[in-house]
Amino acid sequence: MNIKIFNAGYCTCPEHLAIQNGRWKNIRFPAMFALLEHPQLGRLLFDTGYSHRFFEETKSFPNRVYRWLTPVTLREEDLAIHQLASMGIKPNDVDYVLISHFHADHIAALNDFKKARYIFLPQAYEKVRSSHGLNAFSKAFLPGLIPNDFDERSVPIKIQQSILLDGEYAPFKTGYDLLGDQSIIAVELPGHAFGQMGIFARQSNDLFFFVADATWLKRGIIQNSPPHKIANLLFSDPAEYKNTLGKLHDYQNNHSSVHVIPSHCEETLAQYIPSLSL
Ligand SMILES: [Zn+2]
């Protein structure tokens with residue numbers, strides 16, 4: 001499998017909120033997405049980053065508050081569709097989008113991929129699908145980002161078909177074989193959002209572990225350090241969040257060669273995305 005990592009825009013927020021003992025300085029949080037090219041099963045995206053739709057959906061209250069809290073920068077050339085086009089990939093060439101969770105910065109461009117099927121943990125969508133107005137806002141969910149034919153194109157993970165993982169994945173014990181050939185293994189990373197999933201994918205000898213928003217900064221995993229307490233207001237379950245973070249800390253300690261990639265850690269992403277290099 002070929003794996004390429006991108007970001008479609010970024011937001012800014014004080015580092016202090018993203019990690020304990022962080023600086024008050026505003027730092028950038030790129031909105032990552034990844035392209036996974038499977039030799040037989042086609043092209044998959046892991047999340048999508050921001051799109052112009054995010055700005056349409058946050059024009060008025062209460063959603064406008066997102067823009068105040070985390071101002072977003074998105075250039076035309078940063079859109080997922082344009083970055084893929086520069087590699088000769090058209091939107092309809094994308095066969096699947098794997099959705100880590102339903103926060104706006106992960107699903108804003110779903111509607112750009114008209115032929116793609118959507119793969120996600122069912123509990124992630126169940127918790128938000130009927131949310132509107134303030135209820136949706138409190139879950140950082142913008143219903144307008146969900147395509148009209150989302151249900152028809154969805155292939156939610158069958159959670160009763162979980163598989164037992166071998167020691168290579170410890171302390172993660174169970175997961176989901178997304179494509180049936182063990183090339184992409186999803187694991188549950190709850191706490192940040194209901195039903196958040198991370199995925200393992202391999203490119204020759206390199207194993208990647210995309211952990212979405214289980215931590216915003218890689219340092220959080222290294223130090224087993226959660227964000228400022230105020231972030232708990234955003235999390236679906238702060239206790240679960242800490243549990244998940246602890247597992248990631250153990251995992252990274254025991255598998256130092258694995259590329260563990262949080263979706264918004266600029267320091268980590270800059271190692272894979274040349275345009276982010278400082
Ligand atoms: Zn999130």
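A212 counts as buried because 24 C-beta neighbours sit inside 10 Å of it; the cut-off for buried is 20 or more other C-beta atoms within 10 Å of a residue's own, exposed means 12 or fewer, partly exposed lies in between, and the C-beta atoms are placed from the backbone. The model is a predicted one, so to speak of local features a pLDDT of at least 70 is needed, side-chain atom pairs count only at pLDDT 80 or more, and totals for chains, interfaces and linings use all residues. Numbering starts from 1 along each chain as its sequence is written.

A212 belongs to strand β11 (residues 206-212); strands (E, at least two residues) and helices (H or I, at least four) are DSSP runs, numbered from the N terminus. N224 has a positive phi of about 50° as well, and is not a glycine either. This residue is found in the loop between α9 (218-222) and α10 (238-254), and with 17 C-beta neighbours inside 10 Å it counts as partly exposed. Most residues other than glycine have a negative phi, and most peptide bonds are trans.

The bond from F61 to P62 is cis, with omega near 0°, and P62 is in the loop between α2 (52-57) and α3 (64-69). The bond from A170 to P171 is cis with omega near 10°, and P171 is placed in the loop between β7 (163-164) and β8 (174-177).

Zooming out, the protein chain has eleven helices and twelve strands. Its radius of gyration is 17 Å, close to the 19 Å that the globule rule gives for 278 residues, so the chain is as compact as a globular protein of that length; the radius is taken over C-alpha atoms, and the rule is 2.2 Å times the number of residues to the power 0.38. The C-alpha trace spans about 45 × 45 × 40 Å along its principal axes.

Then there is the sheet. Six strands make an open sheet with mixed pairing, in the order β4-β1-β2-β3-β5-β6, where two strands pair if DSSP finds at least two bridges between them. Its edge strands, β4 (72-73) and β6 (117-119), each pair on one side only. Strands β1 (residues 2-14) and β2 (residues 26-38) run antiparallel and are joined by eleven bridges, with C11 opposite F29 in β2. From β2, a hairpin leads through three residues to β3. That pair is antiparallel, with five bridges between β2 and β3 (residues 42-46), and A34 faces F46 in β3. By contrast, β5 (residues 94-98) and β6 run parallel, joined by three bridges; L98 stands opposite I119 in β6.

As for the interior, buried residues make up 42% of the 278 in the chain. Leaving aside residues up to four places away in sequence, I199 touches F46, L98, I184, I185, A186 and F210; contact means that the C-beta atoms, placed from the backbone, lie within 7 Å. Among contacts with a separation of 6 or more, 62% come from residues 24 or more positions apart.

Terms used
Contact = placed C-beta atoms within 7 Å.
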